[in-house]
Number of protein chains: 2
Amino acid sequence: MSDIVDVKAGIEAENDKYAAEVRKLLRETHTRLINLMASPGAGKTSLLEQTIDGLKGAYKIAVLEADVDADVDAKRIEAHGAKAVQIHTGGSCHMDASMTLQALQTLDLNQYDLIFLENVGNLVCPAEFDTGADLKVMILSVPEGDDKPLKYPLMFQVTDLVLVNKIDTDEIFDFDLQKLEKNIAPLNKHARIIPISAFTGSGVENWLVYLREKLLEWNYSCH
Amino acid sequence: MSDIVDVKAGIEAENDKYAAEVRKLLRETHTRLINLMASPGAGKTSLLEQTIDGLKGAYKIAVLEADVDADVDAKRIEAHGAKAVQIHTGGSCHMDASMTLQALQTLDLNQYDLIFLENVGNLVCPAEFDTGADLKVMILSVPEGDDKPLKYPLMFQVTDLVLVNKIDTDEIFDFDLQKLEKNIAPLNKHARIIPISAFTGSGVENWLVYLREKLLEWNYSCH
């Protein structure tokens, strides 16, 4: 049974202060935090299942599962052998840095190398809040359409990586990866774009390579 | 070119007061308002295109297109011959009653029978705000999964109707309509569930029949 933690939103003007506290805690315990954001049903939990399977043995992983109210995802994560903490956001549609800090403090972080924060399914508010994470990753799923950067620009601006999930259905949904890249380009010149299918497993290795490189890079950095 | 209206969120504690003002305005002008809610990319605009085509001639329709920042949807709606007002929510992930009132006041409501509010793509916050609408309709798209009521219960509690879009892809996504109905039942005993495909057109007539019946029922009611 995973732990359930009820968190309360912090004062918005103080978010930077809490984000700095999150970073301090992560550096002190040699832990890295990845903020995973997406629409409902884009495949966040399925991706995490594949990621845990791909990295376990090499890295100790925990997942903070943020939901308005549920614990189905935490159970799926624990079935793959990673620690899961179910966070109830009390109606909030996003995680802020204060909530992230409250959730991290329930773990003995010295035991973990890598923490994923599975944010609430939403392309708007999660983009507005720095959680103190080392990396922001978003999933766009093919059925949502290649025009989404036009409608949710901030999310595409702030992310370090766009995982394009359910890529095996691109023909059914007339999804054009080049059009997506063209829509992202004016918003974000640095974001990597990796097409994957968490269902068939296609492209997941490219994401794991990206992640392993990040982890090595972080290991060799001063902090 | 559609109008673009920047709206500002009202004080949350006063939302009921604004919702009452919206209702008063709608009754005075014999207009009905439908609040359409869904995740990003679930098919709200595609459904509206089909709905406008199905009802035009019989009813005069306008659409309030709420987006954080974009006007692509308004252009699609106007191409189908309905009036579109593009609302920019200034970063807000939902429409409240005050914002809805500001948007409605830009229209001569006496000219319209039916207004659709295409809410911001989000399953969390839009469910928390009464906009003063006569009917709440949500779209769940098949690729999002049949487990979504477990994760976003409030949305499924407050809606009058669940349109299950992209039903033509149910086998690809292993989507079980009966499982969805079972997940909705404890949350909402009254909600109708209508499977549709805005892409193939399948089931859209059932939605139009539902809508025409509502419009007749409203016409015969005292207000």
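## The sheet in chain B

Chain B has an open sheet of eight strands in the order E1-E4-E3-E5-E2-E6-E7-E8, with parallel pairing. At its edges sit strand E1 (3–6) and strand E8 (192–195) of chain B, each pairing on one side only. From one strand to the next, the twist averages 20°. Strands here are DSSP runs (E, at least two residues), as helices are (H or I, at least four), numbered from the N terminus; two strands pair if DSSP finds at least two bridges between them.

Here's one pair up close: strand E6 (residues 135–141) and strand E7 (residues 161–165) of chain B run in the parallel sense over five bridges. Ile139(B) has Leu163(B) in E7(B) as its bridge partner.

## About the model

This is a predicted model, where local features need pLDDT of at least 70 and side-chain atom pairs count only at pLDDT 80 or more, while totals for chains, interfaces and linings use all residues. Residues are numbered from 1 along each chain as its sequence is written, chains are lettered from A and ligands numbered from 1 in the order in which they are written, and side-chain values use heavy atoms, leaving out hydrogens and water.

## Two helices in chain A

Over in chain A, the axes of helix H2 (residues 44–55) and helix H3 (residues 72–79) come within 9 Å and cross at roughly 15°. Axes are lines fitted to C-alpha atoms, for helices over the stretch in contact, with angles from 0 to 180 degrees between N-to-C directions. That makes H2(A) roughly parallel to H3(A), a label for angles under 35 degrees.

Note on methods: Parallel < 35°, antiparallel > 145°, perpendicular 65-115°, else oblique.
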